[in-house]
Amino acid sequence: MAVDNTFATPCLQRPLELGCDIVMHSTTKYLGGHCDVIGGLNVVANEELAARLLSLRSATGGVAGPFDAYLVLRGVKTLALRMERQVASAAAIAAWLEQHPGAGAVHYPGLESHAGHDLAGRQMDGFGAVVSFVPDGDVAAFMNRLGVFSIAESLGGVESLAGHPATMSHSNLTAAQRSAIGIDDKLIRLSVGIEDIDDLMADLDQALAAGR
Ligand SMILES: *Cc1c(COP(=O)(O)O)cnc(C)c1O
């Protein structure tokens, strides 16, 4: 069994300890942490599986360059600190959005309203730093008014990012496929960074007011 643990990071969830065979991370995201490197890795605890993956890697040739590897190693040194801050801010933003008159559905595993809340509480050491929600007002007006959040598709860096999955990360799916996996056409995805929490909330607040 293989698990993509990119959103959780090893700080919040360790799938090998839960019985998984292969754990995948996009190091582009939290492990690198600064939106300045693209990479990925697979982690296994089984020597035979590791040998098979190594042989596959030799054959396909996809290996990280030295500078990219250095950036990820440097990023990992602050991973625990960054996650602490980003998770705390994301939890605060999710709870605040859930009460906000300009926001509809809010999705965050740390909220009791989330279908995976109990499971996440059992197997994770934190609920992550990605929050998604549906604004009541106009999505384009909301996105265009954001100032602290940058509009970008990635996630996991120290900078806060906002994305619109229907036209960005998930635009390769048909409207029917998106709807089947619960991606509303107005859904906004936030990757919460390390900026001051008051600045982040004020930015969302004024952008929500603009869209209504
Ligand atoms: C970004 C991402 C990937 C792809 O990683 P890249 O480094 O962008 O190629 C895979 N899985 C998840 C969950 C991601 O967020």
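Okay, so this chain splits into domain 1 (2-76) and domain 2 (79-211), with the bounds coming from an automatic or database domain assignment. Quick caveat: this is a predicted model, so local features need pLDDT of at least 70 and side-chain atom pairs count only at pLDDT 80 or more, while totals for chains, interfaces and linings use all residues. Numbering runs from 1 along each chain as its sequence is written, and side-chain values use heavy atoms, leaving out hydrogens and water.

Now the interface. The C-alpha centres of domain 1 and domain 2 sit 25 Å apart. Contact, meaning heavy atoms within 4.5 Å, takes in 19 residues from domain 1 and 21 residues from domain 2. Together the two domains bury about 1700 Å², 63% of it on carbon and sulfur atoms; that's the accessible area (1.4 Å probe) lost on putting two parts together, summed over both. On the domain 1 side, Phe 7, Leu 12 and Tyr 30 lose the most area to domain 2, together 40% of what that side buries.

Six of its six residues are buried, so S5 is largely enclosed by the rest of the structure; buried means under 20% relative accessible area with a 1.4 Å probe, protein chains only. Val 130, Ser 132 and Val 134 point one way, and Val 131, Phe 133 and Pro 135 the other.

Terms used:
Buried means under 20% relative accessible area, exposed over 50%, partly exposed in between (1.4 Å probe, protein chains only). Helices (H or I, at least four residues) and strands (E, at least two) are DSSP runs, numbered from the N terminus.
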